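Please read this briefing alongside the sequence and the 3D view. It begins with one definition and then goes topic by topic.

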Amino acid sequence: MTTTEEAPVRRRYPWPIEFYRSAVGKKWVMALTGVALLGYIVAHMIGNLKLYFGAEEINHYGEALRDLGGNLAPRTHILWALRIGLLGAALLHVHAAYSLTYTNWKARGGRYRERDYIAVTYASNTMRLTGTVVLLFVFFHLADLTWGAAPAAPEEFFRGDVYSNLVASFERLPVAIFYVIANLALAVHIFHGTWSLFQSLGYSHPRFNIWRKRLAAGLTAAVVLINLSFPIAVQTGILKI
Amino acid sequence: MDLTLRVWRQHGPNQPGAFEEYAAPDIRSHVSFLEMLDIVNDRLSLEDREPIAFEHDCREGICGMCGVMINGQPHGPQQGTATCQLHMRKFRDGDVITIEPWRATGFPVLRDLVVDRSALDRIIEAGGYITVDTGSAPDANLVPVPQEAAEASMDAAACIGCGACVAACPNSAAQLFTAAKLAHLNLLPQGQPERFMRTEAMVDTMESFFGSCTNHAECEEACPKQISIDFIALLNRDYIKAKWRNGRLAGQR
């Protein structure tokens with residue numbers, strides 16, 4: 001055997017692919033797509049507050065989203081670009097989560113008879129469950145209020161009439177309950193996610209870490225208060241057609 | 001005090017194991033946890049029964065061998081110490097104490113409470129070193145080390161490689177161990193030439209044995225040296241740079 005023989009060099013893929021193949025890389029992707037999805041959640045939530053200004057306002061808001069870019073881009077093209085970006089982020093987020101979950105289940109060598117966790121929180125421990133609930137809800141929510149596909153959507157669905165569609169949908173008690181459950185799951189999910197993403201992105205500092213917790217708590221509180229107000233407002237008759 | 005131990009007994013690797021109960025009467029509260037096990041083992045030997053196998057060496061919290069899961073907590077209920085530094089005064093008369101080996105696919109059980117932690121050695125072999133010119137001793141202080149870097153590096157270097165972070169992690173990730181070993185060298189001037197080769201090699205080796213970090217922070221609580229998960233953030237930062245830079249270097253050949 002010669003000692004000069006070189007070990008075969010493994011083909012190196014372009015670095016984003018190399019990076020994503022690793023678990024640390026997947027966590028980076030989870031965090032970055034998490035930022036994108038969080039941004040969407042916040043924008044969507046703030047936009048929806050227009051419901052309280054009346055049907056005119058929210059319907060114009062919906063129209064404005066389709067008109068994003070004004071005369072600079074063909075109608076709905078910028079909205080579609082955003083939607084495709086969001087869809088890509090969601091797909092990557094779910095794929096990375098699925099793949100990491102599989103890795104971690106394999107890595108776990110049996111359960112302890114007794115295990116007294118100190119740092120693990122309800123939120124950090126249920127990310128897979130809350131994430132799945134949110135994902136299922138997103139499908140329903142799209143069918144209900146975007147595509148207007150029965151039976152998810154109410155009978156009287158009319159494309160473009162955001163206000164009436166929403167009120168008609170939330171007047172159905174099971175839908176309102178599902179919405180509340182899904183948003184509570186979302187709140188728990190982003191409570192751990194918001195704190196955790198800074199760690200995954202390598203952004204941590206003793207002086208800054210307390211603000212990561214505060215930001216997570218603030219976002220969670222905002223999602224719970226604002227998002228849950230919509231079905232409650234419809235059910236109590238504050239928002240009506 | 002009189003105690004009851006519930007101990008995992010397993011004859012060898014890949015063999016089925018089970019919990020067995022042992023009465024441990026008349027234990028003085030000032031003996032250490034390992035001395036308590038010694039006493040129990042002496043009694044078992046006198047009765048011609050197989051003593052409980054557990055790992056130990058320095059018994060002063062620096063060798064990292066004695067880690068076991070005690071009542072569901074790595075290294076037991078006392079924070080910031082290894083099993084050997086735990087004393088029986090932390091328990092009460094009549095307590096039932098459950099003692100389990102670390103459980104992770106990367107740490108196969110060898111016997112009873114002893115696990116094979118050589119996966120951690122594989123991670124060190126992959127890059128946990130620096131290359132220096134040997135020969136006559138260099139002049140002192142030839143390489144200036146910033147005070148902040150020295151302090152942070154020493155905090156990371158406190159890691160004794162006991163594996164409690166892996167044992168504590170719901171994903172059996174070895175992130176805190178690897179992050180500590182990386183930060184120990186990556187923060188110092190002497191560690192710079194191999195910084196990114198080291199980071200990629202050690203993280204990739206780690207991932208071939210262990211799970212992935214989901215930021216529960218349970219490892220930080222379990223660590224007998226209380227190493228901060230902030231070092232894991234440094235690992236994440238260095239790893240993305242390493243993939244980028246090492247890829248570029250490979251392209252220059």
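A nonpolar core is a set of buried Ala, Val, Leu, Ile, Met, Phe, Trp, Tyr and Cys residues joined through C-beta atoms within 7 Å. A residue is buried if 20 or more other C-beta atoms lie within 10 Å of its own, exposed if 12 or fewer, and partly exposed in between, with C-beta atoms placed from the backbone. This is a predicted model, in which local features need pLDDT of at least 70 and side-chain atom pairs count only at pLDDT 80 or more, while totals for chains, interfaces and linings use all residues. Residues are numbered from 1 along each chain as its sequence is written, and chains are lettered from A and ligands numbered from 1 in the order in which they are written.

**The nonpolar core**

- The largest nonpolar core has 110 residues, and Cys165(B), Val166(B), Ala174(B), Leu176(B) and Phe231(B) touch the most other members.
- Helix α8 (residues 173–200) of chain A gives the most to this core, namely twelve residues; helices (H or I, at least four residues) and strands (E, at least two) are DSSP runs, numbered from the N terminus.
- Domain 1 (3–110) and domain 2 (117–251) of chain B both supply residues to this core, so the core lies between them.
- Leaving out residues up to four places away in sequence, Cys165(B) touches Ala174(B), Leu176(B), Phe177(B), Cys219(B), Ala222(B) and Cys223(B); two residues are in contact if their C-beta atoms, placed from the backbone, lie within 7 Å.
- As background, nonpolar side chains tend to be buried together in soluble globular proteins.

**Domains of chain B**

- Chain B is assigned domain 1 (3–110) and domain 2 (117–251), with bounds that come from an automatic or database domain assignment.
- The centres of these two domains of chain B, taken over C-alpha atoms, are 29 Å apart.
- In chain B, 17 residues of domain 1 are in contact with 17 residues of domain 2.
- On the side of domain 1 of chain B that touches domain 2 of chain B, eight residues are nonpolar, eight polar and one charged; Ala, Val, Leu, Ile, Met, Phe, Trp, Tyr, Cys and Pro count as nonpolar, Asp, Glu, Lys and Arg as charged, and the others, Gly among them, as polar.

- Chain A has nine helices and zero strands.
- The C-alpha atoms of chain A fill a box of roughly 85 × 50 × 40 Å along the principal axes.
- Chain A has 241 residues, of which 28% count as buried.
- Of the contacts in chain A between residues at least 6 apart in sequence, 70% join residues at least 24 apart.
- Between the chains, 35 residues of chain A are in contact with 42 residues of chain B.
- On the side of chain A that touches chain B, the elements giving two or more residues are α1 (15–21), α2 (23–48), α4 (77–107) and α8 of chain A.
- The largest share of that side of chain A, five residues, comes from α4(A).
- By class, the side of chain A that touches chain B has 15 nonpolar, eleven polar and nine charged residues.

**Helix pairs**

- The axes of α8(A) and helix α9 (residues 209–235) of chain A come within 8 Å and cross at roughly 170°; axes are lines fitted to C-alpha atoms, for helices over the stretch in contact, and angles run from 0 to 180 degrees between N-to-C directions.
- That angle makes α8(A) roughly antiparallel to α9(A), where angles under 35 degrees count as roughly parallel, over 145 as roughly antiparallel, 65 to 115 as roughly perpendicular and the rest as oblique.
- The contact of α8(A) with α9(A) has 17 nonpolar, five polar and two charged residues.
- In chain B, the axes of helix α5 (residues 175–186) and helix α6 (residues 195–209) come within 11 Å and cross at roughly 170°.
- This makes α5(B) roughly antiparallel to α6(B).
- Residues of α5(B), including Leu182(B) and Leu185(B), meet residues of α6(B), including Met202(B) and Val203(B).

**Backbone details**

- Ala150(A) and Pro151(A) are joined by a cis peptide bond, with omega about 5°.
- Pro151(A) lies in the loop between α6 (127–146) and α7 (162–170) of chain A.
- Arg59(B) is not a glycine, yet has a positive phi near 55°.
- Arg59(B) sits in the loop between α1 (33–46) and β3 (69–70) of chain B.
- Asn71(B), in the loop between β3 and β4 (73–74) of chain B, has a positive phi near 50°.
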